[in-house]
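Trainee: I am new to this structure. Could we go through it together?

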Amino acid sequence: MRLSAATIERLPASVARFDYDRRRQRIGIVHLGIGAFARAHQAVFTDAAMSAGDRDWGIIGASLRSPAVHDALAPQDGLFTLTETGADGAASRLIGSVRDVLVASAATDGLHRALVSPDVAIVTMTVTEKGYHRRADGSLDLAAVERSGGTLYHHLARAFAARRDAGIGGLTLLCCDNLADNGGALSASLGAWLDHVDPALGSWFARECACPSTMVDRIVPAVTPADLDTVEAMLGVRDEAAILTEPFAQWVIEDRFAGRRPRWDAVGAQIVADVAPYETAKLRMLNGAHSALAYLGLRAGLTYVHEAIGDRVIGASVERLMRDEAAASIDPAPEQDLTAYADALLARFANPALRHALRQIAGDGSQKIPQRWLASLDANRARGRSCPETLKALAAWLLYVRGDDGHVDDPRAADLSAAWASAGRDGIVDAVLGERGLLAGTWCPRDDDRAILSETLTAFDTR
């Protein structure tokens with residue numbers, strides 16, 4: 001028996017339900033990249049806002065390429081359950097905010113109709129870092145966008161032109177990916193694409209649309225077939241789109257919208273003047289620690305985050321990275337307590353119920369570590385501080401992308417493999433991180449950094 005609108009009444013009374021009539025809610029949000037994180041985060045906040053009285057904020061989700069989410073959600077009328085597991089046990093909730101899911105590559109016109117609807121005021125997106133097609137210096141790779149086709153830039157440019165011509169007005173575009181200054185990054189990249197294809201449309205975008213920066217935080221492990229079986233046993237119906245996550249969720253949004261918005265702040269989101277301190281803490285402390293756990297843990301033969309943080313050596317190294325290096329690089333907002341934040345992160349990492357796979361975190365490292373580690377290294381250098389634990393994690397990543405364990409999930413895997421083949425262990429630091437390296441940018445190693453990296457590479461490398 002599959003979860004759907006027709007089978008809701010079969011759910012146990014212990015499963016919390018939304019408090020609104022789905023059929024009466026118009027679509028107000030289009031989400032690009034409707035994966036597990038979006039369903040565990042933006043969809044949950046929006047569901048809660050409508051349950052609290054907001055109306056007409058239903059979501060149409062679009063997978064830009066893969067049909068997997070559509071195939072899971074369409075037979076369920078967009079419904080799915082979210083199960084939060086923490087120290088106090090597990091609690092499940094039915095989420096009703098997602099009304100439909102499209103596969104953009106197969107339903108381009110359907111996505112276009114959604115984007116140009118006068119009812120739609122907001123486009124949220126989680127397309128991962130690589131989905132923005134940015135070069136190492138942060139600029140848009142126009143050639144890569146043209147080669148790829150069907151990107152967020154193509155869909156939004158077409159929609160903007162239609163909205164402009166119809167006099168409908170602009171959209172608020174909320175990037176919910178882990179990019180530094182993600183609103184500014186999206187605005188710059190989208191503006192560059194529009195200037196390339198239609199400069200007049202670029203002017204309309206700058207005048208009519210808004211790209212607030214955001215910070216999103218929730219650990220959402222990949223769901224396994226065994227997890228789905230467990231959820232089915234709990235619910236009495238099969239939920240192919242079930243989400244398992246932690247009780248913690250945070251959403252910080254810059255108060256800059258092009259039009260109306262849900263009352264997300266009434267259900268726990270923070271609407272603030274400046275997201276930067278929150279974003280920086282999350283990128284460098286949470287995400288930076290996660291990446292360190294992934295590469296150090298995989299090198300030690302571990303599988304999950306809770307195993308890596310529980311390892312005496314790795315756990316101590318990552319805690320020092322978080323508290324002594326990442327936190328020291330941040331200028332917090334007056335209300336931020338970075339010590340308490342670090343305490344909470346360590347407790348979250350240690351939650352064995354999440355079973356957050358290190359390999360899931362390790363993917364796309366070349367797109368992640370500039371914001372997570374290199375920015376921290378640069379900020380600490382300016383303050384005269386050394387960062388041995390961050391450099392140790394960086395060495396582990398360099399060995400990971402050599403591909404000793406098989407396939408490397410990274411958009412620059414071929415370039416990184418070629419760098420290893422030509423430079424070897426003695427030259428890989430400069431080949432990747434040097435002034436002319438693959439990740440040349442804000443931070444480049446100096447002699448003392450090279451010494452730590454070289455020493456750690458030698459100690460780690462057992463090949």
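Trainee: What lies over the face of Phe257?
Mentor: Arg261 does, at 5.5 Å from the ring centre. A charge sits over a ring if NZ of Lys or CZ of Arg is within 6 Å of the ring centre and within 35 degrees of the ring normal. Keep in mind that this is a predicted model: local features need pLDDT of at least 70, side-chain atom pairs count only at pLDDT 80 or more, and totals for chains, interfaces and linings use all residues. Residues are numbered from 1 along each chain as its sequence is written, and side-chain values use heavy atoms, without hydrogens and water.

Trainee: Which ring has the charged end of Arg402 over it?
Mentor: That of Trp420, with 4.8 Å to its centre.

Trainee: How many aromatic pairs does a search of the whole structure find?
Mentor: Seven. Rings of Phe, Tyr and Trp (its six-membered ring) pair if their centres lie within 6.5 Å.

Trainee: Why is the pair of Tyr295 and Tyr400 called tilted?
Mentor: Their planes are at 50°, with centres 5.2 Å apart, so the pair is tilted. Planes under 30 degrees apart count as stacked, over 60 as edge-to-face and the rest as tilted.

Trainee: What makes Tyr295 count as buried?
Mentor: Its relative accessibility is 2%. Buried means under 20% relative accessible area, exposed over 50%, partly exposed in between (1.4 Å probe, protein chains only). Tyr400, at 12%, also counts as buried.

Trainee: Which residues do ring pairs link into a cluster with Phe45?
Mentor: Trp251 and Trp264.
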